[in-house]
Amino acid sequence: MAPDYIVQMNHISKHFGGVKALQDVHLNVERGEIHALIGENGAGKSTLMKVLAGAYPKDEGTIVIDGVEATTATPRAMIDMGVSVIYQEFMLAPDLTVAENIFIDQMQQSGMFINWKDLKRRAKQQLQKIGFGHIDPGKRVGELSVAYQQIVEICKCLAKDSKVLVFDEPTAVLTHSETQKLLELIMQLKAEGVTILYISHRLEELFAISDKITVLKDGKYVDTVETASITKEQLVTMMVGREIEQLFPERNAEIGEEILRVENLRTGDLVEDVSFSLRKGEVLGFSGLVGSGRTETMRAIFGADKKTSGKVLYFGEEVHFKNPKQAIRKGIGLLPEDRKSQGLLLKQPIRYNATLVSRQGNGFINHKKEQEEVRKLLARISTKYGSTEDNADSLSGGNQQKVALAKWLAVDTKVIILDEPTRGVDVGAKTEIYQIINELAENGVGVIIISSEMAEIIGTCDRAIVMREGRVTGEVPKENLSENQLIKLAMGV
Ligand SMILES: Nc1ncnc2c1ncn2[C@@H]1O[C@H](COP(=O)(O)OP(=O)(O)OP(=O)(O)O)[C@@H](O)[C@H]1O
Ligand SMILES: [Mg+2]
């Protein structure tokens with residue numbers, strides 16, 4: 001029997017200026033399957049999905065949905081054909097409520113009369129259906145955590161009764177348990193007959209849920225394989241074009257004197273009594289669930305938020321940073337978790353973004369020299385981009401993360417705090433980022449890594465602090481680091 005394809009994309013090409021994002025790409029998805037799409041940062045995954053959603057016009061190729069060719073592939077037409085995309089970069093309206101966001105498309109169609117009470121009730125139902133009934137439908141989306149924004153985005157697509165649902169890296173912003181919940185939800189949707197397209201850099205997830213995997217590389221189609229017939233190593237080799245021997249490279253850093261000491265720190269409504277110290281050349285991990293207070297703690301140290309009480313000692317001296325500028329001037333850096341709102345200026349050139357920190361204080365800028373430096377810097381972490389003068393929003397998700405990191409490599413820091421440094425970064429590039437963390441430590445920098453990926457904490461850190469509900473619940477030395485140990489402390493068991 002011939003396969004029953006619900007999505008057929010053939011000979012798809014798409015370019016942006018000189019960048020060939022897609023060249024003659026194929027994607028054929030059978031009804032009811034979970035089909036994963038994988039490839040390095042900038043391989044073209046999100047672009048292919050935006051073409052499918054009608055968000056980008058294609059240069060060439062055909063799209064057939066459930067036997068019908070999409071001749072006018074506009075966003076509206078594709079939604080009507082039953083295709084919905086949950087984007088990597090959210091498309092929510094931060095000033096509207098959860099309920100309004102979920103039903104925004106229907107509201108625009110139905111016109112004048114909106115029954116707010118009913119809207120809220122229906123939003124609540126949708127949220128409950130996927131196990132997040134505790135999210136308040138009346139809350140403004142901008143006030144929600146990134147993870148919850150993701151949930152709202154998912155609800156919004158589910159509310160449209162789609163035949164084909166695309167998830168573009170949905171778990172990059174979720175914690176371990178939230179991820180498990182989402183994967184279960186996806187399996188449930190599959191059981192209900194929805195066809196799923198799933199993009200993720202986390203291979204375990206692909207192996208856990210997908211039936212088939214299509215691999216893209218440099219904008220080209222590599223192959224489509226049955227998940228059951230391939231190993232992780234084979235998949236990585238197809239993706240990266242080489243074998244990755246060691247995800248976590250060795251480090252030869254000498255751990256020296258204490259450079260940062262935090263005593264009984266309190267900040268905001270959540271963080272209470274956090275104490276820890278960091279040494280020269282040390283890589284210190286912060287583990288815990290999303291919302292455990294790790295980011296808030298670091299923001300208070302960095303001067304981005306006010307501390308209510310407690311002490312921060314830097315090279316033995318008490319410091320009171322009133323704003324991040326003061327911290328940066330003293331040699332402390334922070335890469336925020338949310339690159340979209342805090343890490344990058346998307347409407348500014350890549351060059352400007354990469355030199356944002358190093359430029360502070362220097363009045364005169366030599367553009368040519370700066371370009372050259374930026375090129376070198378970005379090459380160190382294998383960033384894929386068109387020109388240094390392109391805006392940051394032309395970068396793929398993972399490459400945006402690399403530019404956000406690059407700006408800290410251009411300056412001389414003594415302490416660097418990295419909040420989810422490899423979020424959305426492909427396996428090959430992850431190793432490169434770990435290598436850079438190693439180099440920083442080997443040069444005597446004290447590195448703090450907040451990560452929700454336990455494997456990352458275990459693989460890169462000399463020691464880990466675990467937080468739960470605003471407090472430190474444990475400190476684990478390298479030799480005792482295990483997932484089991486970290487989960488126990490994070491959950492308070
Ligand atoms: N709007 C745009 N303008 C210019 N170039 C773009 C635009 N969108 C994507 N590109 C380029 O197209 C290529 C493919 O990007 P895409 O976002 O599809 O990658 P991806 O596979 O989703 O990567 P990631 O894993 O990092 O999310 C990249 O080189 C990117 O810089
Ligand atoms: Mg992408």
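User: What is a nonpolar core here, and which residues of the largest one touch the most other members?

Analyst: A nonpolar core is a set of buried Ala, Val, Leu, Ile, Met, Phe, Trp, Tyr and Cys residues joined through C-beta atoms within 7 Å. The model is a predicted one. In its largest nonpolar core, which holds 69 residues, the most other members are touched by Val 447 and Ile 448.

User: Which helix gives the largest share of this core?

Analyst: The core in question is the one of 69 residues. Its largest share amounts to 7 residues, and these come from helix H16 (residues 427-442).

User: Which residues does Val 447 touch, not counting residues up to four places away in sequence?

Analyst: Contact is judged by C-beta atoms within 7 Å. With residues up to four places away in sequence not counted, Val 447 touches Val 283, Leu 284, Ile 416, Leu 418, Ile 437, Leu 440 and Ala 441.

User: How many residues are in the second, separate core?

Analyst: This core includes Val 85, Ala 123, Ala 172 and Val 173. Its residue count is 65.

User: Which strands stand at the edges of the sheet of 6 strands?

Analyst: The sheet is open, its pairing is mixed, and its order is E16-E17-E18-E13-E19-E20. An edge strand has a single partner strand, so one side of it is left without a neighbour in the sheet. The strands in that position are E16 (332-335) and E20 (471-477).

User: Is the pairing of E13 with E19 parallel or antiparallel?

Analyst: Strand E13 (residues 283-288) is joined to strand E19 (residues 463-468) by 5 bridges. Among the paired residues, Gly 288 has Met 467 in E19 as its bridge partner. The two strands run parallel.

User: What angle does H16 make with E18?

Analyst: H16 packs on this sheet and touches E13, E17 and E18. The direction of H16 makes an angle with that of E18 of about 145°.

User: Which residue in E14 stands opposite Arg 266?

Analyst: An open sheet of 4 strands has the order E12-E11-E14-E15 with antiparallel pairing. Within it, strand E11 (residues 258-267) and strand E14 (residues 307-314) pair over 6 bridges. Opposite Arg 266 stands Ser 309.

User: How far apart do the C-alpha centres of domain 1 and domain 2 lie?

Analyst: The chain is divided into domain 1 (5-240) and domain 2 (258-491). Their contact takes 20 residues from domain 1 and 20 residues from domain 2. On the domain 1 side, helix H6 (146-158) and helix H9 (232-240) each supply at least two residues. The distance between the C-alpha centres is 29 Å.

How values were computed:
Residues numbered from 1 in each chain as written. Chains lettered and ligands numbered in written order. Predicted model: local features only at pLDDT ≥ 70, side-chain atom pairs only at ≥ 80, totals over all residues. Domains from an automatic or database assignment. Contact = placed C-beta atoms within 7 Å. Pairing = 2+ DSSP bridges. Buried ≥ 20, exposed ≤ 12 C-beta atoms within 10 Å, placed from the backbone. Axes fitted to C-alpha atoms, helices over the stretch in contact; angles between N-to-C directions.
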